Amino acid sequence: MTSVRTVLVIGGGTAGNGLTVLLRKAGIDVELVEAKTDWNVSGSGITLQGNALRVLREIGVWDEVRETGFGFGSVGITAPDGTVLHVARDVRTGGDDLPATLGMQRPQLQRILIDAVKASGAKVRLGTTVESLSSDDTGVWVRFDDGTGGRYDLVVGADGISSATRAMIGITERPEPTGMAIWRTPAPRPAGVERTDLAYGGPCYIAGYCPTGPDTVYAYLVEPKRDRATIDPDSYADEMRRLAAGYGGHWAGIAASITDPEQVNYTWFDRHLVEGPWHRGRVVLVGDAAHACPPTLAQGAAMSLEDAWVLAQLLTSKDEFEEQLLIDYHARRLPRVRMVVDNSCQIGQWLIDGVRDADVPGLMGRTMTVLRELP
């Protein structure tokens, strides 16, 4: 056990929910606050590599994830017309007893984690944000936007890439656009789609899809970033369908299903990494608040979940809390996270620069081999 008895988790996304459950398993009192009243149940799809599944198993939700998602073990490289050029076996980064990759609808993953948080007995406050933090040697005083306050042994900022917690504690690094953007949508799964297929080239940098269940896929198109203010949200479906028309194979069926602009999401790719300490006093960052990268390696959620797992291990491994624990957390996570951020961005930069002989498969393979090791 640890002298940390009360923890405030700010943000109810993948990292925040996962950390909450892991800390509750250790008997720590946890309060979770989430700004969105619907607990952020949104999104299209998510690709989870084995090292993400490994943490979800530790959290205790692997059975539900396995039953809901679609596991597979290879990735196909296709020409824009749909011709399969190469099929590669994925590295089982979570170990041989877990799928190499699993796709699922992001709202379903969020609901599974929400149910786990509720079952853990954590206190949850939705539609709540933090207005101020004041940390001293023994704890953190927190003021919320509803005028209430509380004192906690530790505060964890899991509030995403635009983290207000990060700004409150004086960490100045901010996300920077990479020059790419992505169109995403859920779609019916065409017959025969049983793995991720990626086409490099054509109208977009990348055209890909990932099966997310028995009847669904998550489809995405990556292009040069545009000024979002110039794109009418009502045209999102038309725009994605126009781009998808440049691809053959299963894309014809996927494109025909893209009719609802509210189901289509358009987002820029960002690079973000806090190189220095991820804490100030007794306030510490996890997940996208500390680091984020393009999904070219499908490791964003995995890195966030690993943060939660490592921090929970450290918090529950010592009888007394000391700052060295948070220093050790940063030291364990930074090299691994930096590798993923740099390599994810490298793949994107090769595509932007049109490097035809770039060793994308080699870089992916080397990265996944490292990630097979425990964080």
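Helices and strands are DSSP runs numbered from the N terminus, a strand having at least two residues. The structure shown in these views is a predicted model.

**View 1. Trp-39 in the loop between strand 2 and strand 3.** Trp-39 is placed in the loop that lies between strand 2 (29–34) and strand 3 (45–49). Its backbone has a positive phi of about 60°, although Trp-39 is not a glycine. Most residues other than glycine have a negative phi. Trp-39 counts as buried because its relative accessibility is 4%, the cut-off being under 20%.

**View 2. Asn-40 in the loop between strand 2 and strand 3.** Asn-40, found in this loop, has a positive phi of about 60° and is not a glycine. The relative accessible area of Asn-40 is 17%, so the residue is buried.

**View 3. The polar contact between Glu-223 and Trp-183.** Glu-223 belongs to strand 16, which covers residues 216–224. With a relative accessibility of 5%, Glu-223 counts as buried. The side chain of Glu-223 makes a polar contact with that of Trp-183, at 3.0 Å.

**View 4. A negative surface patch that includes Asp-260.** Four residues form this patch: Asp-232, Asp-234, Asp-260 and Glu-262. Asp-260 is located in the loop between helix 7 (251–256) and strand 17 (265–273). Asp-260 counts as partly exposed because its relative accessibility is 35%; patches are made of residues with over 30% relative accessible area and no salt bridge.

Technical notes
Residues numbered from 1 in each chain as written. Predicted model: local features only at pLDDT ≥ 70, side-chain atom pairs only at ≥ 80, totals over all residues. Heavy atoms only, no water. Patch = residues over 30% accessible without salt bridge, like charges linked within 9 Å, V, L, I, M, F, W, Y side chains within 5 Å. Areas by Shrake-Rupley, 256 points an atom, 1.4 Å probe, with all protein chains shown as cover. Salt bridge = Lys/Arg side-chain N within 4 Å of Asp/Glu carboxyl O. Lys, Arg positive; Asp, Glu negative; His and termini not counted. Charge placed at Lys NZ, Arg CZ, Asp CG, Glu CD. Helix = DSSP H or I, 4+ residues; strand = E, 2+ residues; numbered from the N terminus. Buried < 20%, exposed > 50% of the residue type's maximum accessible area, 1.4 Å probe, protein only. Polar contact = N/O pair within 3.5 Å; in protein donor to acceptor, adjacent residues only side chain to side chain.
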